[in-house]
Amino acid sequence: MTDKPTPPMSGPAMKAAIMPVTPLQQNCSLIWCTKTMKGALTDPGGDLDRLKAGVAKAGVELEKILITHGHLDHCGQAGMLADELGLPIEGPHEDDRFWIEQLDSDGARFGMTAASFEPTRWLEHGDTVTVGELTLDVIHCPGHTPGHVVFFHKPSRFAIVGDVLFQGSIGRTDFPRGNHQDLIDSITQRLWPLGEDVTFIPGHGPTSTFGQERKTNQFVSDYALS
């Protein structure tokens with residue numbers, strides 16, 4: 001588990017830690033409000049014992065689970081964790097319902113333990129979610145999956161983007177109901193306007209900033225799209 005320091009801000013402070021899970025090394029993120037020490041796990045796709053140990057080590061009280069999209073490595077065991085700990089699940093957008101409904105069969109196909117679930121709350125573009133005294137904006141970013149959402153904490157200039165954007169790359173769009181142009185539009189019309197100084201945790205791999213990707217990403221840099 002690696003702590004990601006956040007810059008000073010007015011109001012409640014946020015901290016985040018990345019805990020890669022599943023054979024696909026998916027970045028499950030623990031985020032928490034330092035004032036209340038209440039937190040959320042974003043995309044707990046597997047390795048639940050490891051995740052619970054990480055939460056305990058951070059001294060955080062979990063109050064919910066957040067989901068960016070319905071793929072196996074991101075939410076295959078989210079329902080199991082929610083049932084065990086009595087936690088609500090918020091996200092993704094309901095357009096990913098079909099992915100969540102097939103988690104059992106996807107798990108069997110890939111040799112991973114997974115179970116379908118019904119989120120406590122489906123999310124829409126423009127919604128907000130709370131973690132302790134923190135408020136994060138919900139940004140619907142279809143393309144990788146139709147119901148993918150991004151979580152953005154404006155005061156700390158921080159986003160959890162799932163598989164929309166990576167350091168040097170973007171999400172795959174060859175899955176059912178994926179759409180390359182939708183993904184490009186999501187990044188350029190909904191993420192870039194948030195600001196080049198925004199640091200993001202992707203679904204896989206290292207963190208980056210929107211500014212860095214606008215300069216260097218071979219798929220969505222200003223140069224690549226010009």
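1. Helices (H or I, at least four residues) and strands (E, at least two) are taken here as DSSP runs, numbered from the N terminus. On that basis Thr 42 belongs to strand 4, which covers residues 38-42. This is a predicted model, in which local features need pLDDT of at least 70 and side-chain atom pairs count only at pLDDT 80 or more, while totals for chains, interfaces and linings use all residues. Residues are numbered from 1 along each chain as its sequence is written, and side-chain values use heavy atoms, with hydrogens and water left out.

2. On confidence, pLDDT being the predictor's confidence in each residue, from 0 to 100, the chain has a mean of 94, and 95% of its residues reach 70 or more. The stretch to read with caution is residues 2-10, where pLDDT stays under 50 and for which the model has 18 contacts beyond four places in sequence; a contact means heavy atoms within 4.5 Å.

3. Thr 42 has a relative accessibility of 1% and therefore counts as buried, where buried means under 20% relative accessible area, exposed over 50% and partly exposed in between, with a 1.4 Å probe and protein chains only. Not counting residues up to four places away in sequence, Thr 42 touches Asn 27, Cys 28, Ser 29, Ile 31, Leu 66, Thr 68, Phe 151 and Ile 160.

4. Met 37, in the loop between strand 3 and strand 4, has a positive phi of about 60 degrees although it is not a glycine, and Met 37 is partly exposed at a relative accessible area of 27%. Asp 43, in the loop between strand 4 and helix 1, likewise is not a glycine and has a positive phi of about 60 degrees, but Asp 43 counts as buried, at 2% relative accessibility. As background, most residues other than glycine have a negative phi, and most peptide bonds are trans. The peptide bond from Gly 91 to Pro 92 is cis, with omega near 0 degrees, and Pro 92 is found in the loop between strand 6 (89-90) and helix 4 (97-101).

5. A search of the whole structure finds 0 disulfides, a disulfide being a pair of cysteine sulfur atoms within 2.5 Å. The sulfur of Cys 28 has its closest cysteine sulfur in Cys 75, 12 Å away, which is too far for a bond. For Cys 141 the closest cysteine sulfur is also in Cys 75, at 17 Å, again too far for a bond. Cys 28 is buried, with a relative accessible area of 0%, and Cys 141 is buried, with a relative accessible area of 0%.

6. Strand 8 (residues 134-140) has 5 of its 7 residues buried, so it is largely enclosed by the rest of the structure. Two strands are said to pair if DSSP finds at least two bridges between them. Strand 7 (residues 128-131) is joined to strand 8 by 4 bridges, the two running antiparallel, and Val 129 stands opposite Leu 136 in strand 8. In the hairpin of these strands, which has 2 residues between them, Gly 132 takes a positive phi near 60 degrees. Strand 8 is also joined by 4 bridges to strand 9 (residues 149-153), with which it runs antiparallel, and Val 138 stands opposite Phe 151 in strand 9.

7. A nonpolar core is a set of buried Ala, Val, Leu, Ile, Met, Phe, Trp, Tyr and Cys residues joined through side-chain atoms within 4.5 Å. The largest has 27 residues, of which Leu 30, Leu 41 and Ile 65 touch the most other members. The elements giving two or more residues to this core include strand 2 (14-21), strand 3 (26-33), helix 1 (48-58) and strand 5 (61-66). Apart from it lies another core, of 19 residues, among them Val 150, Val 161, Leu 191 and Phe 200.

8. In helix 5 (residues 103-110), Leu 103, Asp 106 and Gly 107 are buried. Seen down the helix axis, the buried residues fall within an arc of 100 degrees, so they line one face of helix 5; the arc is that of the directions from the helix axis to the C-beta atoms. The face turned away from the buried side carries the exposed residues Ala 108 and Arg 109, while the cover over the buried residues of helix 5 includes helix 2 and helix 4. Just after helix 5, Gly 111 takes a positive phi of about 70 degrees.
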